[in-house]
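Subject: Structure for your files

Hello,

Here is the structure I said I would pass on. My notes follow below it.

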Amino acid sequence: MSKNPIHIIGGGLAGSEAAWQAAQAGVPVVLHEMRPVRGTDAHKTDGLAELVCSNSFRSDDAENNAVGLLHAEMRLAGSLIMSAGDANQVPAGGALAVDRDGFSDAVTKKLEAHPLITIQREEVPDLPPADWDQAIIATGPLTAPSLAQSIAQATGADALAFFDAIAPIVHFDTIDMDICWFQSRYDKVGPGGTGKDYINCPLDKEQYLAFVQALVDGQKTEFKQWEGTPYFDGCLPIEIMAERGVETLRYGPMKPMGLTNAHNPTVKAYAVVQLRQDNALGTLYNMVGFQTKLKHAEQVRVFRTIPGLENADFARLGGLHRNTYINSPTLLDASLQLKSRPGLRFAGQITGCEGYVESAAIGLLAGRFAAAERLGHAASLPPLTTAFGALLNHITGGHIVSDDEPGKRSFQPMNVNFGLFPPVEAPKTEGKRLRGKDKTSAKRHAITSRALADARQWLGLPAQTAEAAE
């Protein structure tokens with residue numbers, strides 16, 4: 001039986017993986033890649049799945065690291081990106097790093113050789129035509145302006161962002177609640193709120209002045225020439241505000257008004273850092289107004305000087321950079337399909353995920369979902385307990401909408417991390433109560449073992465035996 005092809009726009013990691021998954025399911029694919037007909041400011045070659053920044057896929061530890069877990073799930077799903085990465089690995093300790101040229105060549109050759117995949121080197125300037133009834137847009141953070149404009153027109157002017165203004169996100173269980181406390185400013189009860197919707201970290205005058213100086217002195221990253229400098233007053237980096245005057249932050253995101261320290265009600269804080277719940281699970285909190293261009297190591301050093309965050313574990317660090325992405329929780333259904341146009345899916349970084357592996361994973365899911373529909377089946381969604389499901393849930397609706405800042409985009413791109421998974425209790429050891437790092441490690445092992453078991457079941461694979469796990 002002949003089948004109409006699935007059209008995939010974009011030959012990066014997400015588009016390449018989507019094409020492979022759909023073709024492996026027995027569905028023909030047309031993969032549209034505009035390079036070399038039209039280049040980008042970041043790409044250097046016309047190879048598929050070209051790595052434009054680092055050559056690292058980050059940690060490969062599937063027991064203790066969420067991205068390592070995602071690696072493992074992708075291998076179980078027959079990922080082209082992971083097999084090409086494994087075949088072109090270079091030494092990098094516990095991380096999976098690859099020879100970038102060998103990796104891209106391997107992906108390109110595999111796709112070119114697949115009998116069900118046709119690669120067309122052409123720009124697709126607009127949304128797919130109606131007769132492309134199954135299509136995937138996987139054009140990444142450097143989506144061509146004409147296509148980006150078409151997406152914006154189809155989805156609404158505020159549905160497409162061209163820059164990330166990212167504030168750091170902290171794992172809730174690493175915040176010291178003996179120092180911090182829950183309270184909304186002036187105990188205001190917003191929609192769905194309780195009047196205790198923020199975590200507050202108090203600073204005295206000496207701590208505040210030292211913090212401001214650390215922001216000013218800290219090492220910053222620079223914009224690439226092609227990014228420009230998109231500062232605007234509603235989204236200034238925290239260090240730029242600090243440079244405008246020592247009191248600026250105290251009258252901005254760190255204002256102490258309307259807050260009373262539950263641990264020491266008689267002492268008024270000189271300044272306060274607020275954190276707001278970031279996901280529906282309540283496992284992640286973002287630092288309000290703390291978008292920053294500080295280098296990552298500097299962020300960890302400086303932000304851990306904030307009282308209550310001395311031992312903070314960051315699920316994501318801050319940034320401000322070029323990244324075209326859509327407001328996925330509003331626009332997409334649970335299978336990455338545009339709600340207003342069935343059959344049209346988005347995949348990769350344009351959906352609001354960060355990282356090579358995360359982009360490829362969302363491409364993998366989009367390819368599987370589209371192939372299933374082409375074959376007359378309903379898309380099978382991965383369990384929320386898996387890395388696939390946790391990342392997909394973040395993209396399609398796991399975040400918290402900000403009710404107290406009407407009109408502000410609350411959805412931000414993110415790497416996979418353990419804060420996106422449903423909580424699990426650390427297994428109890430006979431006669432021993434786990435604390436600190438031992439408890440964290442045990443909880444992570446419980447999350448990863450549950451995830452891999454559920455992923456195998458979702459993929460229709462036999463359960464792993466104890467002997468095979470060793």
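Which side chain meets that of Glu-358 in a salt bridge? The partner is Arg-58, with N and O 2.6 Å apart. Please keep in mind throughout that this is a predicted model.

Salt bridges

The structure holds eleven salt bridges; I describe some of them here. Side chains of opposite charge can pair when their charged atoms come close.

In the pair of Glu-358 and Arg-58 (2.6 Å, N to O), Glu-358 belongs to helix H10 (residues 356–374) and Arg-58 to strand S3, so the bridge ties together parts that are 300 residues apart in sequence. The relative accessible area of Glu-358 is 0%, so this residue is buried. Arg-58 has a relative accessible area of 28%, which means that it is partly exposed.

With a relative accessibility of 17%, Arg-374 counts as buried. Asp-133, at 34%, counts as partly exposed.

A further salt bridge joins Glu-50 to Arg-35, where the closest N and O atoms are 3.4 Å apart. Both residues lie in the loop between strand S2 (29–33) and strand S3 (56–59), so this pair ties together parts that are 15 residues apart in sequence. Glu-50 and Arg-35 are both buried. They are also part of a network of salt bridges that links Glu-33, Arg-35 and Glu-50.

Backbone

Most residues other than glycine have a negative phi. Which residues here have a positive phi without being glycine? Arg-58 is one of them, with a phi of about 70°. Its place is in strand S3, and this is the residue that pairs with Glu-358. Tyr-186 is another, with phi near 60°. Tyr-186 is found in the loop between strand S10 (181–182) and strand S11 (198–203). Its relative accessibility is 59%, so Tyr-186 counts as exposed, whereas Arg-58 at 28% counts as partly exposed.

Helix packing

At what angle do helix H2 (residues 66–76) and helix H12 (residues 436–458) pack? The angle is about 15°, and the axes are 10 Å apart. Angles under 35 degrees count as roughly parallel, and H2 is therefore roughly parallel to H12. The crossing of H2 past H12 is right-handed.

On the H2 side, the contact is made by Leu-69, Ala-72, Glu-73 and Leu-76. H12 contributes Thr-448, Ala-451, Leu-452, Ala-455 and Arg-456. Sorted by class, this contact has six nonpolar residues, one polar residue and two charged residues.

Regards

How values were computed. Residues are numbered from 1 along each chain as its sequence is written. This is a predicted model: local features need pLDDT of at least 70, side-chain atom pairs count only at pLDDT 80 or more; totals for chains, interfaces and linings use all residues. Side-chain values use heavy atoms; hydrogens and water are left out. Axes are lines fitted to C-alpha atoms, for helices over the stretch in contact, and angles run from 0 to 180 degrees between N-to-C directions. Helices (H or I, at least four residues) and strands (E, at least two) are DSSP runs, numbered from the N terminus. Angles under 35 degrees count as roughly parallel, over 145 as roughly antiparallel, 65 to 115 as roughly perpendicular and the rest as oblique. A crossing is left-handed if the near helix is turned anticlockwise from the far one by less than a right angle, and right-handed if clockwise. Contact means heavy atoms within 4.5 Å. Ala, Val, Leu, Ile, Met, Phe, Trp, Tyr, Cys and Pro count as nonpolar, Asp, Glu, Lys and Arg as charged, and the others, Gly among them, as polar. A salt bridge is a side-chain nitrogen of Lys or Arg within 4 Å of a carboxyl oxygen of Asp or Glu. Buried means under 20% relative accessible area, exposed over 50%, partly exposed in between (1.4 Å probe, protein chains only).
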